Each structure stands twice: as structure tokens, then as C-alpha cells.
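My entries are below the picture.

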Amino acid sequence: MNPNRRDFFWPSYVDLMTALFLVMLVLFVLSYKRFQDKQASLEQAKARLEVQLKEKKKLDEIRAALARLEDPRYFVYNQRYKRYELNFPVEFQAQRYDLPAEAHQPLIQAGRFLLKQMEVLDRADNVQYLVVVEGRAAKNPTLPDTDPRNLDGAAVRQLSYNRAMEVIRLWESAGLRFPANLELVAAGSGFKGVGRYTGFREEAKNKRFIIQLQPKIGSLGK
């Protein structure tokens, strides 16, 4: 056998095996990297799913808690505007913000009912709730909207805000103290606001206030 030919063949075989080994090593590294990436992606997806399930569970608990507010004597759920509202009308006299005497006792009872329902909520979940007492005002339907007396100015906003504050003062005078997870806020929307009465015959009904209760969504992830 020609020794020169044998010397030529042996290094080529070694080079081939080395190249194959390197290819297999690269494939192994790439496969391992893809496996690691896939595992990390699955872990991230699992973590996101756990967070979503936790938030859904909390939302279900909140819905169940808020559903206890639906009592025809006090509060009803407004499906159109997705909110719980006071279920009996309280109308003010024109340009007045003092509560009608006949509304005092029903409002106190509604406040006590609301307080009782809020006290049974689990405070350990750190979910906060917002109770908005929103005062409103009615336009003069015999005048056009462009009339200065129907403009939504500072005086109208102040009047509607004072109407909301009267409700809060009434509750305070009755000794109602709401828990720390509930924020009670007075607001005056004047001639604005969602869900107003409209039309010549209905406009006068806007001399009122509404009470809304909503969870503060920003507190769900805490």
C-alpha cells in the first residue's frame, strides 16, 4: 500500500469527524437554546394566566359583593350605564340645595344599608371602592340652550355640588362612618352628566342627585 496515500486519507477522515462533531454540537446548542426559550415562554404564559385567573376571581368576588346592593328599597343596577344607583327620586326646589324633609329618613336608611354592605366586604384583598354622590341641576325647558340662564357655568356647578354635599352632611349627622376601603366623593355635574332626563316634560327631574358605587379598578392588581 502506498504510504503517501494512507497519510493523505487519515487526516481527511479526522477532519470529517471533527466537522460532524461540530455540526452536532451546534445543533445541540441550538436545540437546547430553543428548548430553554420555549420553557421560558411557557413559564411566562403560565405566570400571565395565573395573574389573569387571580384578577378574574377578584372581579367575580367584587361583582358578588356589589350584587348585594341591589335592593329595590335602596339601590338598583342600571344596566344601560353599568352602575348601581339610588332607587328613589329626590328632587330639589329650583335654585335650592337643601334636602326636602321627606327625603331625610329614606336617605339615612339607604346610607345605613350601604354601610352595612360595605362592612362585610373582605378588606384583606385591598380593593377600594368609590361612592360618588353626584348633584345635578335642571335647565329651564322654556328657554333655548343658548340662553345665558341655561349655560353650564360656575354657579350651576356650585349649586349641583352643594346638593351632593347635603347628602354627605346628612349621613355624617346621622353618625354614618364608612370603612377605610371606601372613598366617599361629592361631585357637581351641573347641566351635564350621563343618564340625564331629557325632553320638555322630563327636564325638571334633573334637580336631583345620583349615588354611584364602583370598585376602583386601579386597586385590583395590588
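These are my notes, in the order I looked things up.

**Entry 1: the model.** I reminded myself that this is a predicted model.

**Entry 2: strand β3.** I began with β3, residues 129–135, and asked how buried it is. Six of its seven residues are buried, so the rest of the structure largely encloses this strand. I then looked for its partners. β3 runs parallel to β4 (residues 182–188), with seven bridges joining the two. Between them the chain passes through helix α3 (residues 154–173), and I noted this β-α-β crossover as right-handed. β3 is also joined by seven bridges to β5 (residues 209–215), this time antiparallel.

**Entry 3: salt bridges.** How many salt bridges are there? The count is nine, and I looked up some of them. R169 and E166 meet at 3.0 Å, N to O. Both sit in helix α3, and because they are three residues apart, about one helical turn separates them. R169 is partly exposed at 40%, whereas E166 is buried at 19%, under the 20% cut-off. R157 and D152 meet at 2.6 Å, N to O; R157 is partly exposed at 33%, and D152 is partly exposed at 24%. I also noted K205 with E202, at 3.0 Å, N to O.

**Entry 4: a nonpolar patch.** Last, I turned to the surface. F21, L22, L25, F28, V29, Y32 and F35 form a nonpolar patch there, with about 750 Å² of accessible area together. I checked F21 in particular: it lies in helix α1 (residues 3–67), and its relative accessible area of 54% makes it exposed.

Technical notes: Residues are numbered from 1 along each chain as its sequence is written. This is a predicted model: local features need pLDDT of at least 70, side-chain atom pairs count only at pLDDT 80 or more; totals for chains, interfaces and linings use all residues. Side-chain values use heavy atoms; hydrogens and water are left out. Patches are made of residues with over 30% relative accessible area and no salt bridge: like charges are joined within 9 Å, nonpolar side chains (Val, Leu, Ile, Met, Phe, Trp, Tyr) within 5 Å. Accessible areas come from the Shrake-Rupley method with a 1.4 Å probe; for residues, only the protein chains shown count as cover. A salt bridge is a side-chain nitrogen of Lys or Arg within 4 Å of a carboxyl oxygen of Asp or Glu. Helices (H or I, at least four residues) and strands (E, at least two) are DSSP runs, numbered from the N terminus. Buried means under 20% relative accessible area, exposed over 50%, partly exposed in between (1.4 Å probe, protein chains only). Two strands pair if DSSP finds at least two bridges between them. A crossover is right-handed if, with the strands pointing away from the viewer, the path from the first strand over the helix to the second runs clockwise.
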